[in-house]
Amino acid sequence: MSTLIVDFSAVFWRQWHASGNEAVNFAKDRAVGQIRAWASARDVSGGGTVIALDAGNNWRRKLWPEYKATRPEKDALALEQLRLCEQELRDEGFVLVRLDGYEADDVIASLVASIEGFITILTADKDLLQLLSPLCGMYHLARDKHVYEADVVAELGIAPNQVAEWLALTGDASDNVPGVVGIGPKGASKLLAKHGTLAGIFDALGTTEGAFTPALDKNLRDAASREACPILMSLELVKLTAKRAMACVTPELLAAIKAPRKPQPTTATEENMTIQEFEPEIEAPRASEPAQTRPHQPEAPTLDRAPEAPATAALATLPRDWTRQLEPADSRSAYGLAKVVVASRMFPAYGAPEAALLVLMAGREFGLGAMASLRSFHIIEGKPTMSAQAMMARCLEHASCAEFRVVRSECTNELATVSVKRVGWTAPEIYTWSADDAKRAGLAGRGNWSKYPREMLINRCIAEAARFTWPEVMAGVYAPEEFGGAS
């Protein structure tokens, strides 16, 4: 009987960074699929699966404020996909556990000490090597292979219970934990093989004359006495102990891990809480525009029309702004529509209802209907961008627009020309964008810039002309062609 412990962050972020220009929900689907596949064997054997998650209020950050400070800020779109991935796993009945103030590594250490039988940790985190034992192995995602206690000894020359000291000596750049200057992986292994522990090394430093070279002696002393994160603090940051997160390991949790999985759908209360959490304020009706109350809608709404009238006559009787009757009337119905958009998979770029909702809101600012908004905006490299044609259309509708046209006779694979003119100008302004401009911007040869250079130059030129000529309409709006991943 074997129990699987999943390091959720390691699985999800590995899939996210590998997703490239795939649909935004690609990483979520792959992460869920990978965990599901690994868990299936445990379901049969009765060992069970538990997924460990990171939590806020990290105690390590309180001890050393610079902990993980060098890591780039997480993409908001990625964080939303991470949240959705968690929720999908919960809905499938997986046991997920986190403890406020602690990282997943701490939770895993407590789980390893509490679960009976053999344990496999699914991760790519070298910190977790210190937990390996005759009853605990690891499947290393980056190496795509199993790693056991003997592998640590063979590769590093130390036992798993020495890994924390090894990390304290070498430092951990990814977590911004300082080590000892001049000590690399091999040097740390040699010191630990000879002296056993960090304490043993420093005992030799104080009592055995000539045990270390003058340079190593100085570096060890400097590491022990430095003001910013001395070496004993580095050890505290990287060391995993069973007791640290034991508060989350309850008898109920251990029983749930081995119990058959049961889907746990989100309750109505949780659904409302989610909506409230992400629901933005929608602008209230102006004083001159009385608020409209939405009539009760039947379960299967129908469009009333005269049974024998021709189609053109039926359309003629519709109010001029009839399409607005199909639009969301408030933020709650807009969020409901956003959920339908994501569930339909017709717009795969929107992997989360919140992303679709923000696009609907952006389109609303430009007077676009819901479907027009979804067609006009694209998610490129995690950023919402507006198609050049939609930008041009919005400018043409502006009262100050006298001219906005592409001079197609002058557009080639090397140059695009656009002519714009505001009311009151004596002559139009000419904008051009060339292949050399694309090279300087780092766009040439990327994505569709290599396939359709003429069209990309035209669209890029339209975007620039729109922003400079009508900043009151287009300031801060980007077009897909400004990114290499545009499609």
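Biologist: Helices (H or I, at least four residues) and strands (E, at least two) are DSSP runs, numbered from the N terminus. Which helix is glutamine 15 found in?

Modeller: Glutamine 15 is found in helix H1. Before going on, this is a predicted model, where local features need pLDDT of at least 70 and side-chain atom pairs count only at pLDDT 80 or more, while totals for chains, interfaces and linings use all residues. Residues are numbered from 1 along each chain as its sequence is written, and side-chain values use heavy atoms, with hydrogens and water left out.

Biologist: Okay. Is glutamine 15 buried or exposed?

Modeller: Glutamine 15 is buried, at a relative accessible area of 10%. Buried means under 20% relative accessible area, exposed means over 50%, and partly exposed is in between (1.4 Å probe, protein chains only).

Biologist: And what does glutamine 15 touch?

Modeller: Leaving out residues up to four places away in sequence, glutamine 15 touches Ala27, Arg30, Ala31 and Gln34. A contact means heavy atoms within 4.5 Å.

Biologist: Let me zoom out. How many helices and strands does the protein have?

Modeller: The protein comes to 22 helices and eleven strands. Buried residues are 44% of its 487 residues. Take the contacts between residues at least 6 apart in sequence: 64% of them join residues at least 24 apart.

Biologist: What counts as a pair, and as stacked?

Modeller: Rings of Phe, Tyr and Trp (its six-membered ring) pair if their centres lie within 6.5 Å; planes under 30 degrees apart are stacked, over 60 edge-to-face, and the rest tilted.

Biologist: How many residues apart are phenylalanine 12 and tryptophan 16 in helix H1?

Modeller: They are four residues apart in H1 (residues 8-18), which means about one helical turn separates them. An α-helix has 3.6 residues a turn, so residues three or four places apart point the same way. Both phenylalanine 12 and tryptophan 16 are buried.

Biologist: Which two tryptophans form a tilted pair?

Modeller: Tryptophan 433 and tryptophan 449, at 6.3 Å centre to centre and 45 degrees between the planes. Tryptophan 433 is in strand S11 (residues 429-434) and tryptophan 449 in helix H20 (residues 448-451), so the pair ties together parts 16 residues apart in sequence. Tryptophan 433 and tryptophan 449 are each buried.

Biologist: Switching to helix packing. At what angle do H8 and H9 pack?

Modeller: Helix H8 (residues 185-195) and helix H9 (residues 198-207) pack at about 80 degrees, with their axes 8 Å apart. That makes H8 roughly perpendicular to H9. Axes are lines fitted to C-alpha atoms, for helices over the stretch in contact, and angles run from 0 to 180 degrees between N-to-C directions. Under 35 degrees is roughly parallel, over 145 roughly antiparallel, 65 to 115 roughly perpendicular, and the rest oblique.

Biologist: Which residues make that contact?

Modeller: From H8, Leu191, Leu192 and His195; from H9, Leu198, Gly200, Ile201 and Ala204.

Biologist: What about helix H16, how far does it reach?

Modeller: H16 (residues 353-365) has 13 residues and reaches 19 Å from first C-alpha to last, close to the 18 Å expected at 1.5 Å a residue. The expected span is 1.5 Å times one less than the number of residues. Among the buried residues of H16 are Pro353, Leu357 and Leu360.

Biologist: Last topic, backbone angles. What is the phi of asparagine 57?

Modeller: Near 55 degrees, a positive value in a residue other than glycine. Most residues other than glycine have a negative phi. Asparagine 57 is in the loop between strand S2 (49-52) and helix H3 (59-63), and is partly exposed at 48%.

Biologist: And where is aspartate 144?

Modeller: In the loop between strand S5 (136-140) and strand S6 (145-147).
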